[in-house]
4 protein chains.
Amino acid sequence: MTAKQDKTLTSSGFYVSQEAPIHTDNPIPTPSAPAPDILRCAYMELVVTDLERSRNFYVDVLGLTVTEEDENTVYLRSIEEFIHHNLVLRKGPVAAVAAFSYRVRSPEELDKAVAFYTELGCRVERRADGFTKGIGESVRVEDPLGFPYEFFYDVEHVERLAWRYDLYTPGALVRLDHFNQVTPDVPRAVAFMQDLGFRVTEDIQDDEGTVYAAWMRRKPTVHDTAMTGGDGPRMHHVAFSTHEKHNILAICDKLGALRMSDRIERGPGRHGVSNAFYLYLRDPDGHRVEIYTQDYYTGDPDNPVVTWDVHDNQRRDWWGNPVVPSWYTEASLVLDLDGNPQPVVARTDASEMAVTIGADGFSYTRPGEGEESMPEWKKGEYKLGHQL
Amino acid sequence: MTAKQDKTLTSSGFYVSQEAPIHTDNPIPTPSAPAPDILRCAYMELVVTDLERSRNFYVDVLGLTVTEEDENTVYLRSIEEFIHHNLVLRKGPVAAVAAFSYRVRSPEELDKAVAFYTELGCRVERRADGFTKGIGESVRVEDPLGFPYEFFYDVEHVERLAWRYDLYTPGALVRLDHFNQVTPDVPRAVAFMQDLGFRVTEDIQDDEGTVYAAWMRRKPTVHDTAMTGGDGPRMHHVAFSTHEKHNILAICDKLGALRMSDRIERGPGRHGVSNAFYLYLRDPDGHRVEIYTQDYYTGDPDNPVVTWDVHDNQRRDWWGNPVVPSWYTEASLVLDLDGNPQPVVARTDASEMAVTIGADGFSYTRPGEGEESMPEWKKGEYKLGHQL
Amino acid sequence: MTAKQDKTLTSSGFYVSQEAPIHTDNPIPTPSAPAPDILRCAYMELVVTDLERSRNFYVDVLGLTVTEEDENTVYLRSIEEFIHHNLVLRKGPVAAVAAFSYRVRSPEELDKAVAFYTELGCRVERRADGFTKGIGESVRVEDPLGFPYEFFYDVEHVERLAWRYDLYTPGALVRLDHFNQVTPDVPRAVAFMQDLGFRVTEDIQDDEGTVYAAWMRRKPTVHDTAMTGGDGPRMHHVAFSTHEKHNILAICDKLGALRMSDRIERGPGRHGVSNAFYLYLRDPDGHRVEIYTQDYYTGDPDNPVVTWDVHDNQRRDWWGNPVVPSWYTEASLVLDLDGNPQPVVARTDASEMAVTIGADGFSYTRPGEGEESMPEWKKGEYKLGHQL
Amino acid sequence: MTAKQDKTLTSSGFYVSQEAPIHTDNPIPTPSAPAPDILRCAYMELVVTDLERSRNFYVDVLGLTVTEEDENTVYLRSIEEFIHHNLVLRKGPVAAVAAFSYRVRSPEELDKAVAFYTELGCRVERRADGFTKGIGESVRVEDPLGFPYEFFYDVEHVERLAWRYDLYTPGALVRLDHFNQVTPDVPRAVAFMQDLGFRVTEDIQDDEGTVYAAWMRRKPTVHDTAMTGGDGPRMHHVAFSTHEKHNILAICDKLGALRMSDRIERGPGRHGVSNAFYLYLRDPDGHRVEIYTQDYYTGDPDNPVVTWDVHDNQRRDWWGNPVVPSWYTEASLVLDLDGNPQPVVARTDASEMAVTIGADGFSYTRPGEGEESMPEWKKGEYKLGHQL
């Protein structure tokens, strides 16, 4: 942890520092092989138990574009995408994530990926024809944290539909923005991701240095993936972007009109972390999908790292709305390369839910003021969580 | 109550009918004197305990325009208003509402107001110079429901600042939209308001005909005031309009930036009732202010009356987000014409909070499906309320 | 004309007055019979020459809802409407307007309409079954200005789709807002409309008192119809509302995507008059359609009348973008009750186009500063018009 | 030029190709020294003739944040920026651009910049303390096209105000997005910029291969700078981003309210090229500023290059609104390293204005259809230009 004196308190109530203020006592060894040069998170492969119902959710409700489909699989993309897909729905017996897939800068980077993970002792599988349609040579690994990661460069180009406003819905999803992973030991996971070439942009911790979550990027947005502390490996959510905030509100309105409002788990709201506007949905299998817009540019190497206090109740929602418990506790299983769910290991560090809305919670709105300074009506909202 | 067979189920899950489906067994007698011709809700006079703090909230945070002020009073208007004020903040010992003020069509309507309320045995006070600055001859009454109502026509015109975009903030409030009153017996209150010339646009009831709330209008929006069932007479909220939804989100963002997010009590969200986009704030005295935008035209005499089932969890929030308990239970005192708080009478009919998020609650997302059809994560949100 | 000393210059550069500052030396006699009580503009009946092409424009492109249709006629409504239609497309040999239709407060108002127009010597036709499907008893007249006006109360109710967000497009049209008529003598037309019960909200004139256009309302928006000076009787446009400004931009984007951008005639922009955000389209027959949002409340009887100087180049577009010539010169024919086009009478008063962008134009951005104070690039835009 | 058969026609009417379809017969030699690794366009130094008036425009009207200022210079940044400034206003005798400044990845890249430009025979000046406050060691060059380019890494960090919503105006500028340069020979300029490490994202050409403009990026947006064909070297514009489209409309509204609408030169509108929403303003010296939002991600190395036909009248404005002549002809001078204006060399290739809105123009809305298919009213708008 960066010592507190090396962090600068901003006028917005969080801290900034130059170096990611996260350190681990239990690191995964850094490979001597260089990491592959990753461009961006590119697609997620989701196993769903009822393909028709999931297709309805992602295509008819959320409006993703079908690039291609067959009886077991649907390949979907966002409206500004030019690669074959950003999401694969594959029918299977257990709802889970089969791959977090990243695009690398060139075909040669696959060799680096193989060497990097092989040195770590991970199971690695390389396929010349790829694992999903539309994608060429690919490498899949079971990473040291237990997640199924994929890397590819070759991909079929399809038409970028950005100008096809005749196809836009009021809630049009324009890009895949990021993944979010649940892992028990966040500092350990972050150190590993830094070895893989990711850079931390924001994190949440407490005065004792417990790290509750961290956000990391390759492309110059707030993240390509994040590590959320919890029982893992599990997938917390996959996020798509809209152009504007009203697009996100339109999705809520449509879910209401379809009498599917119970797919809304949390939000809409403004994140503290990332400063983005957000909404969390749950798909028919319970996979969590975030709709997200308007974070900030992070591409400079000295981009200030933002650290939030776990007790700041504006960190997760800038408007101070409490996080619902399911958002903290529920997540999707991830698969190994044989398609079997990875066992889930319990987090032993403090739980963010417990220290905030749980029995021992003491959140504040104004740094330096205790929870007692909150109006009664607001305390009431937070106290609900105390009874869980 | 309109018999269920006379109401038409819409494809959106609520009912419409021609006649307001609300009847009372305990009516206030209808005066033989005609009611005054009311144009619209015009302003509220609020007693606040710390004038500077309230001025900061309404002027510096919410951006209302100061028309005039002195050491005890601040006169505020919205940016499209051309009459002297829409809100008066007056310093006083007890936070309360001193007047719900309506504009009438002509000076002659004041005579009608006097006759109407006098016949009802209400206390009536008429002042040639008005009760607040900028307003001419006015009539104030203690109405049969216990509320301090005011009527006036003469008013000082001030500049409508609608074109002064150099003065707009991101969350600019453009109009006073409506009041909302808490009263124990909604059907009785509605019948009285109908005698006063109001027309019901929407209501919430259950299969037994218990009415939980009703919305009534003079100007052709969903309401100039609403009657919310609860211990009363109290003031539930006063509402201002913005042009667009992002203006409301900007208010939330600003409250976050000012570390005043605990002023946000509920929302933002989309109402089922009224179809408007909303946010509820609490001012420094706890007076509730709604920010509201985009309801619909109701000016035709046969405008369909919308009736919502109290168990439809999209009635209050179209996205199915539960209402926080304080929103149901807390409200502001109202004053009599001597400036003393009116005693509060308990509601004896069923409570909307109790039948929805309380111990006996069974809300549904899809008409005809029980609460058990909700996903667990959503039920979890509603169950929180069960423990209150 | 209100003497200039009776008008108040605002900080926004226009004048306000209490009485509409428009007088005529050539009035239509005021009938002794009272005018019918008009609620609002309700629908327009348009004759189109290619029904399929027009249906494509209004339904597939603009997204209006088809209430009913047959091989010769399409009945359309906006998404918040509960009466049968707001627009009728009827196949015919000559593109024209068959009716400007208004809803009145009760069936009895039809008797008043008959008496009012009969006294004026107008042709009047009353049909118990109405002139279009879904509308009951109706009165149509050839009014003294040559326009085909209709009045009705009885109408078939259809579902108000306001909550059906699954049906919304990004550019959803939510209400019929107003008509706009072209007539040679604006003061004469205004005086007649005042007799019919309309109230002026805004107008454009010059220092000599020439009136170029005037806006008049029944419902409390800026207008139900406007009178634009020009060769007439003709129909200038019919206007539909959206909820927000981005909805209007989405219509432009969609027209681009469909390679139909040449349907855009003017805008989008912000009006000076009305303060609304606007866009003008031309349908396949050249009928002009405005998309409009966010004017202001005008329902008080003493609502200030706004008068714009014809030389103020922000009057028609608050951003100072010049009006294209076709917008001034082109308009649709209107039909008599036999279905024949009304002859068009030339305007003899000064033309707004001529005095602003024409050879003698001298527009200003800042009141009191001559055209020479404009930067060269801006003068260049206006000079284009000089060469017409 | 990429042969037409190697470009793919999209459903939106433009072409895509893998290789930038631009070639020059008159290249600047490619240096053997490697190019510096550029992160992004970082700031522009503008010479203004009346500092107070310019400060009013950029600070009071556009709302940029003053990081620091003295009597001759104002240092401004956008609200999401963490480096010292994005715009420097420096008082001087001749309105001009003193520097197009780019940030590089590390201090070492400055050595590369020196070597790269030295090998090209350019004048190079390196200053350990930088050329403007807040910036450390910097290299300025007179590049082979005649533009004053700057490179730096060291910079003073200031607070990123992204979360300070209390400081946002309705038209808040959140990022510097790009520069745009005017140069006579676009293919020659593009080839040079490719040597400098830029990648083409879009261009405009005709069937004969004349290139009218090209867009190039380092950060993964559509551009960090563009080359516009015309008499040069001159600066066409500098562009700032907003979050949403309504923010841009709010700037127009505010300029209207301030009676400064003649600062609006073109727009607002939707670009064909870049798919962004735009507005062009002119500052008090005539320097052009674009306000811009919502282009697309271009960070993959095989991002499809978009080529527009110069005769497609949706290329510059997706809604088909004609470009005003001043936008094509006017631009700002640029300075050499001694502060003297660079001489301007005339373009000899065809002029985009001449071939589109000029005497020989034949633009189309629908590919394959001639100008005659446009409705008369639209042709009228374009014909205006024919008379220049």
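## A walk from Asn313(D) to the chain pairs

Start by selecting Asn313(D) and colouring its surroundings: leaving out residues up to four places away in sequence, Asn313(D) touches Gly320(D), Ser363(D), Tyr364(D) and Thr365(D) (contact means C-beta atoms, placed from the backbone, within 7 Å). This is a predicted model, in which local features need pLDDT of at least 70, side-chain atom pairs count only at pLDDT 80 or more, and totals for chains, interfaces and linings use all residues. Residues are numbered from 1 along each chain as its sequence is written, while chains are lettered from A and ligands numbered from 1 in the order in which they are written.

Asn313(D) sits in the loop between β19 (305-309) and α5 (325-329) of chain D; helices (H or I, at least four residues) and strands (E, at least two) are DSSP runs, numbered from the N terminus. Asn313(D) counts as buried because it has 30 C-beta neighbours inside 10 Å (buried is 20 or more other C-beta atoms within 10 Å, exposed 12 or fewer, partly exposed in between, with C-beta atoms placed from the backbone).

Now move to chains B and C. Here 28 residues of chain B are in contact with 28 residues of chain C. On the chain B side, colour 9 nonpolar, 8 polar and 11 charged residues (Ala, Val, Leu, Ile, Met, Phe, Trp, Tyr, Cys and Pro are nonpolar; Asp, Glu, Lys and Arg charged; the others, Gly among them, polar).

Finally, the predictor gives the complex an ipTM of 0.96 and a pTM of 0.97.

Note on methods. Two residues are in contact if their C-beta atoms, placed from the backbone, lie within 7 Å.
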